[in-house]
Amino acid sequence: MTSPCSICSDYVQQRKLEFPGEDVTASDAVHQDCSECYEYGVTESQLCSFCSHVRPYHLLTCGCVRDIYDGQFTIVLGTPKELQQEACAFCRWCLQVAQADSRLRQYTINEEKVLHIMRRINIENMEHRRGGDSHRADWHTEIILYITSKSSRFVRDSVNPQYVMLGHDKGAQRTLPEADSTTLISSTLANSNTSSIVPPCIDWAAARRWMAVCDKEHNTCRGDVGTGKLPFNFRLVDVQLESLVDAYVEPCLSFVSLSYVWGADLSHDGTTRRHNLAFLKQPGSLRNLPRMIRDAMEVCKRLGERYLWVDRLCIVQDDKQDKYGQIRSLEAIYSRASLVIVATCGDSIHSGLTGINDKCPREGYQIPTGVFGFTMVNKLSGFEKAIHSTWNERAWTYQEVILARRRLYFTPAEIWFECLEGHQRENGFSAGRKSEKDLGNRLRVYNSGRVGTTRDDYEDYRRHLENYSRRALTYLSDVYHAFHGIEDAFYSEGGTTFGLPESDFNRALLWFPYDWPGLQERTLEPDDEDLTLPSWSWASLIGHIATCNVYGSMDGRLLQRGSFYCSLCEWSTCIEDGSQQQLTRRINSVNDDNVWKQLDEIWAGQDPAEKSHFDSFVGVPDYRQFLALAWTKGCIEADVPDDLLLLPTVSVMSAEGLASRWPTVGAFRAEVQRRTHHTEDPPFPPSIRPGYLFARTQSTILRVEHDGDKEHLRGDIYVPNTHFSIHHTQGDGTIIGSLLGTVEFRLRSTAASDQAVDVDFIALAVGSMPVCVSKKVDSESLKRNRFYRDRPEKLLEFAQPGIIVMAVRWDGPVARRLALGWVTLQGWADSKPSFRTVVLA
């Protein structure tokens with residue numbers, strides 16, 4: 001330990017130096033004798049008195065500091081206003097780095113808040129590829145410059161502070177685990193200069209190398225070529241002849257696709273129309289194009305590709321049959337492309353791709369400094385931040401990148417390559433320590449490497465729906481078209497009905513919106529006469545959509561969203577055949593059996609010796625027992641089997657007995673059908689329209705009341721705002737359930753938000769209530785509702801049987817959705833619901 005330094009003590013008192021804890025003082029770290037620092041010639045005359053004394057080059061980069069203090073500490077530099085007046089080369093460099101990052105990521109720096117640098121230690125387990133399962137601990141130091149922003153262009157409700165990672169080339173190269181040739185990020189690091197910065201122009205040799213490695217060594221990428229049928233009017237841009245060519249041939253030509261933002265310019269500049277189609281097929285006709293397309297053609301030439309597909313040219317924009325024929329084939333077009341060029345830089349067709357040649361160099365967002373005798377430089381952002389742009393906010397671009405096998409992203413600072421095996425980036429110095437396999441841009445995640453045998457496309461489909469719903473459309477009428485490619489990838493055979501996949505219809509109906517203040521109803525324009533937006537479809541709202549999950553994995557979100565077990569409805573819809581006669585068609589939700597198969601796999605995988613806890617199925621009733629219990633309480637319109645009836649102290653049949661009796665949803669419905677003797681309602685009203693649903697289910701009236709609290713978004717894991725509680729219309733006001741989300745109910749309902757209102761509800765499905773709802777329910781209601789009477793009090797909120805309900809508003813003979821919610825099974829039964837045929841518009 002060194003003798004206490006009064007100057008260091010003053011800096012600590014002024015909070016210019018912050019060393020949490022009492023194991024080491026600032027003096028110990030600052031004045032530590034360090035052999036590493038002797039090797040470098042620090043230019044003290046260029047530093048301010050603060051930097052000269054505290055030696056940031058030592059504190060932030062020397063290993064001996066880590067040896068005496070492995071916690072995080074902070075060096076406070078000053079506000080941007082103060083640093084602008086500072087002569088210190090290091091302080092000025094930090095300010096320049098902050099300014100460059102704010103330009104790159106488009107946020108505004110708060111000039112009144114201090115910049116500060118934090119050093120922290122991360123410990124990772126790095127696996128040796130040779131040597132089986134052996135691991136070693138790997139320590140590495142992170143240096144982070146924190147910047148407080150006032151506003152951010154691309155991150156809504158951005159979290160302060162913003163931050164920039166800093167790096168240096170002091171000392172030996174850090175040790176990396178051995179990597180095989182398919183490890184994209186690691187191979188870049190191993191071959192990169194530690195302090196390299198991105199050059200003004202793109203490294204085309206690197207881009208060609210990435211593609212070659214992927215072609216040669218990535219079996220997953222080679223085997224994921226789309227098999228969809230290209231449209232008969234398929235065209236491509238020949239970048240050599242500079243013209244359009246007809247390309248409807250099999251096997252199809254190798255081609256590249258472009259994903260970009262059209263922008264606000266709605267002119268016909270650089271578009272194919274019926275009057276110029278023949279001309280654009282003449283060699284040399286595509287020489288005067290908007291910059292984005294010209295640059296994409298240049299990229300193709302640099303990569304050795306001859307053909308390019310770009311919607312603006314390859315679709316005849318004023319030919320409705322041609323346009324929508326190709327839109328219906330987007331899944332085939334983007335999945336069969338050898339590469340998709342992703343233009344995340346710029347916000348229009350005129351923006352172009354920076355860095356493709358020396359006529360359009362990139363701005364230098366990395367700023368090196370050598371004031372300490374070695375090089376320090378800021379690292380560029382990771383992938384997620386790098387692609388924050390106007391492109392990343394547009395709805396059409398979502399499916400374009402998801403359907404692609406390989407993508408080459410053009411960001412303002414560098415290019416990124418992405419395939420099914422991971423990411424590659426131009427600036428190896430900024431790369432992470434190990435390859436990030438981001439799952440957000442993969443078409444299929446749920447079935448990849450999953451334990452179990454049941455394939456469930458809906459889990460991937462709903463992930464994409466949630467992501468897609470966050471994005472914006474210029475034309476609201478495109479809401480179905482801009483997502484059709486992903487729908488086609490999963491449901492090309494069964495199809496979709498107004499955005500909901502028919503083979504998973506019962507689950508897909510259980511969506512609800514995030515509580516964003518900007519939630520809106522999607523309204524039709526005069527030109528949208530062919531568009532239908534049923535209230536029960538997610539397409540009826542503009543805003544972020546959430547969906548119910550299958551309760552089973554250890555993912556904590558499932559406890560918040562609840563779990564769908566079995567639908568209580570069998571839905572039908574209207575058929576248009578051109579005649580005056582009303583025809584209906586049963587929607588065959590055949591994949592309901594997949595839910596049961598997955599749940600059976602989950603239950604089979606539980607360890608009976610494991611101690612029961614909230615997210616385990618040990619000691620929790622089987623989902624079939626929930627369904628049997630719902631039947632005994634009158635939720636199914638059929639005679640209750642004698643052997644399912646409850647005795648005062650005995651629960652329904654055992655899980656094993658029910659699994660043998662109802663191995664599938666079909667077996668359960670067959671028994672219900674045999675015991676059904678209900679009388680049909682009067683005929684449907686004469687004004688049935690496309691987009692109407694029909695089903696026979698229970699209906700009742702319950703009271704809805706707001707608790708007075710304000711709605712808010714709670715972190716990255718979506719937790720519905722359950723501020724509208726559900727009660728019986730008569731009684732002591734006991735809470736029996738809650739709506740999922742408050743903004744939708746306020747948006748669709750005509751009731752005053754501060755008053756209790758009686759609302760019509762229909763029953764949709766049986767499931768396990770989400771914890772965010774059961775926490776709102778009164779404990780006495782939970783005790784009456786629980787399956788096992790001896791369930792511990794601490795687990796009372798978990799594994800509660802519930803009914804997923806829809807609040808509706810009757811408009812004459814038809815009902816329109818108001819919101820989704822949950823009610824306890826016992827609370828629903830006590831409301832005395834009655835069966836009726838519901839027409840849902």
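Which exposed residues does the face of α15 turned away from its buried side carry? They are Lys320 and Gln321, where exposed means over 50% relative accessible area, buried under 20%, and partly exposed in between, with a 1.4 Å probe and protein chains only.

Before going on, a word on what you're looking at: this is a predicted model, in which local features need pLDDT of at least 70 and side-chain atom pairs count only at pLDDT 80 or more, while totals for chains, interfaces and linings use all residues. Residues are numbered from 1 along each chain as its sequence is written, and side-chain values use heavy atoms, leaving out hydrogens and water. As for the element names, helices (H or I, at least four residues) and strands (E, at least two) are DSSP runs, numbered from the N terminus.

Back to helix α15, which spans residues 320-327 and has Asp322, Gln326 and Ile327 as its buried residues. These cover an arc of only 125° around the axis, which puts them on the same side of α15; the arc is that of the directions from the helix axis to the C-beta atoms. And what sits on top of them? The cover includes the strands β8 (235-238) and β11 (307-309), along with the helices α14 (311-314), α16 (330-336), α18 (396-402) and α20. Contact here means heavy atoms within 4.5 Å.

Helix α20 deserves a look of its own. α20 (residues 484-491) packs with α19 (residues 457-468) at an angle of about 175°, and their axes are 10 Å apart. Axes are lines fitted to C-alpha atoms, for helices over the stretch in contact, and angles run from 0 to 180 degrees between N-to-C directions.

Two strands pair if DSSP finds at least two bridges between them.

Inside this sheet, follow β12 (residues 339-343). Four bridges join β12 to β15 (residues 407-410), and the two run parallel; Val342 stands opposite Tyr409 in β15. β10 (residues 255-259) also pairs with β12 in the parallel sense, over four bridges, and here Leu258 has Ile341 in β12 as its bridge partner. Five of the five residues of β12 are buried, so β12 is largely enclosed by the rest of the structure. Leu339, Ile341 and Ala343 point one way, with Val340 and Val342 pointing the other way.

Eight bridges join it to β30 (residues 757-768), running antiparallel, and Phe761 has Ala807 in β31 as its bridge partner. β31 also runs antiparallel to β32 (residues 814-824), with ten bridges between them; in β32, Ala815 is the bridge partner of Trp810. β31 and β32 form a hairpin with two residues between them, and Gly812 in the turn has a positive phi of about 70°.

Positive phi turns up in residues other than glycine, too. Arg15, with phi near 65°, is in the loop between α1 (6-13) and β1 (17-18) and is exposed, at a relative accessible area of 56%. Phe498, with phi near 50°, is in the loop between β18 (496-497) and β19 (500-501) and is partly exposed, at 22%.
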